[in-house]
Amino acid sequence: MTGNFICAIRGPVMLILLGILMAIDQMGSYSFGRTWPALLIVFGIFKLAERSGRPAA
Amino acid sequence: MRRSSIVAPLILIAIGALFLARNLYPELPVLDYIARYWPFVLIAWGALRLGEIVFWAASERPMPRFGVSPGEWVLVIFLCIFGSSLHAVRGFSSWWPRSRVMIGGLDMFGENYEFPLSGEKASGSAPRVVIENFRGNARISAGDANEVKVTGHRTIRSLDQSAADNANAQAPLELTGDANEIHIRNNQDRVSNGRVRLTADMEITVPKGASIEAHGIYGDFDINGVNGSVDIISDNAGVRLQDIGGDTRIDLRRSDVVRASNVKGPFELKGRGGDVDLQDMQGPVTINGAYSGVLEFRNLAKPLHFQGENTTLGVERLPGDVRMALGDMTGSNLVGPITLSTRSRDVQLSDFTNSVDINVDRGDITLRPGVLPLARIEAQTRSGNIDLALPPNAKFDLSATTSHGEVNNDFGAPLRNEEQGRGAALRGSNGGPTVTLHSDHGDVTVRKATAEEKPAKEDTKSLKKIEQ
């Protein structure tokens, strides 16, 4: 159940993050060219959470 | 079975609302809004989705396999590409066009270092002053001496003092040229590499007869009392001009405000921007571009030609004023021939002379000629009401028709109503110029002007109009 839940919220959270990075890019402070690795990091965290979530479920 | 999300219908509703807004108010800069705020659509989309899934989890319903389906990701990518290219095209990123990638750290961690700026050069009495590739604000005024003098300061944003000192030394202020042509150069390009950003605030004093030519990237121009011509080309600038003796040409990719008063020569404005405010112009005024703010014209001695995205206006002379804002236009004390065609505005004109030609796609037309004798009037709207208030002793050959609506005759003889199909007509003549009014969908009213609408009180009237 937990793994399933994490899997389900992964998409929306990534989407929100993408939106925030794009907004920051447009405000001119950090360009998306510099901040995109944050997406990888968050994706990785989700993958980790899935692995640790699955045995418990 | 996969539960369907509420996001898709919401997006449909939003797109519908956007197109509706654009149709109702063609002047509304919808594309600009999208270019500016599209990332928040992604955030809202994700947040809605997240809320939904948390709610499903809390109520122990089965989880969907994907929070955001592959199809939706494709849509998101399209939105990103569309949004960021729109953002670039609309010129919002023109602040630092060449160094956008690196500029981030500078804004977060950099500091401002200020350096004084000064330079002067002797010139003739009427030199051409060229400001090259300039980023910052310039205030130019005329002085009595035959010299070009620059004072002010430059701000260098950088990560440390030594980099700022270095940049300041590498990019000195230069005044070059001879007595007839002087170039003012800040050499900002030399140091704009992402680690430093140099902007300058210059107070420039020039001889009275000088002509100004300015090429700006970002920043405002304030020009005062110059007798020669003024040429401004900028990616993003606010422009304020006062007491200019010669021709004025302004070409802006973007601007928040263009304000000019007392310009003697022809005035030409091109590009995109917000507000435009012109008064006491002695030369012809030509405006060509997209302006989303409030446009005001007062006391123009020569013809005005305005060509906007959806509006074209021509006036022979404007002793009074014209004001255009989103969805409406008011004018009083105009000298024709007047031609106006617009997509979606309520038009109100009072105290005009000579012929009038108005063509409105959607909007009401209110006309109060005020001054006798009447001239030819032709007013058409596809959807909207027409209201014409004539002086009681006016002479005219009037024909007012509507295809779907009513005609109201509050003027009395010699006008007579004629029913025809779903529409109606009002015709009558007492031997004056032709007055043609036509509405496709809407009512047409012809009435007698009341005492308070007499032109004698035009000042209080125009004030009232501005308050509206």
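Author: Let us open with a network of salt bridges that links Arg259(B), Asp277(B), Glu296(B), Arg298(B) and Arg323(B). This is a predicted model, in which local features need pLDDT of at least 70 and side-chain atom pairs count only at pLDDT 80 or more, while totals for chains, interfaces and linings use all residues. Residues are numbered from 1 along each chain as its sequence is written, chains are lettered from A and ligands numbered from 1 in the order in which they are written, and side-chain values use heavy atoms, with hydrogens and water left out.

Reader: What is a salt bridge, and how many are there over all chains?

Author: Side chains of opposite charge can pair when their charged atoms come close. The rule asks for a side-chain nitrogen of Lys or Arg within 4 Å of a carboxyl oxygen of Asp or Glu.

Reader: Which distant parts of the chain does the pair of Asp357(B) and Arg376(B) link?

Author: In this salt bridge the closest N and O atoms are 3.0 Å apart. Asp357(B) sits in strand β23 (residues 356-362), and Arg376(B), 19 residues apart from it, in the loop between β24 (365-368) and β25 (377-383). Helices (H or I, at least four residues) and strands (E, at least two) are DSSP runs, numbered from the N terminus. Both partners are partly exposed, Asp357(B) with a relative accessible area of 26% and Arg376(B) with 30%.

Reader: How do I read a helix such as α3 of chain B?

Author: An α-helix has 3.6 residues a turn, so residues three or four places apart point the same way. The expected span is 1.5 Å times one less than the number of residues. Helix α3(B), with 20 residues (70-89), should therefore span 28 Å, and its end C-alpha atoms are 29 Å apart, which agrees.

Reader: Which residues of α3(B) are buried?

Author: They are Glu72(B), Val76(B), Cys80(B), Gly83(B), Leu86(B) and His87(B).

Reader: What about aromatic pairs; how many are found over all chains?

Author: Rings of Phe, Tyr and Trp (its six-membered ring) pair if their centres lie within 6.5 Å; planes under 30 degrees apart count as stacked, over 60 as edge-to-face and the rest as tilted. The search finds four pairs over all chains. In one of them, Tyr37(B) and Phe40(B), the ring centres are 6.4 Å apart and the planes at 50°, so the pair is tilted. Both residues lie in helix α2, three residues apart, about one turn of the helix. Phe297(B) and Phe306(B) also form a tilted pair, 6.4 Å centre to centre with 55° between the planes. Phe297(B) is buried at 0% relative accessible area, and Phe306(B) is buried at 4%.

Technical notes. Buried < 20%, exposed > 50% of the residue type's maximum accessible area, 1.4 Å probe, protein only.
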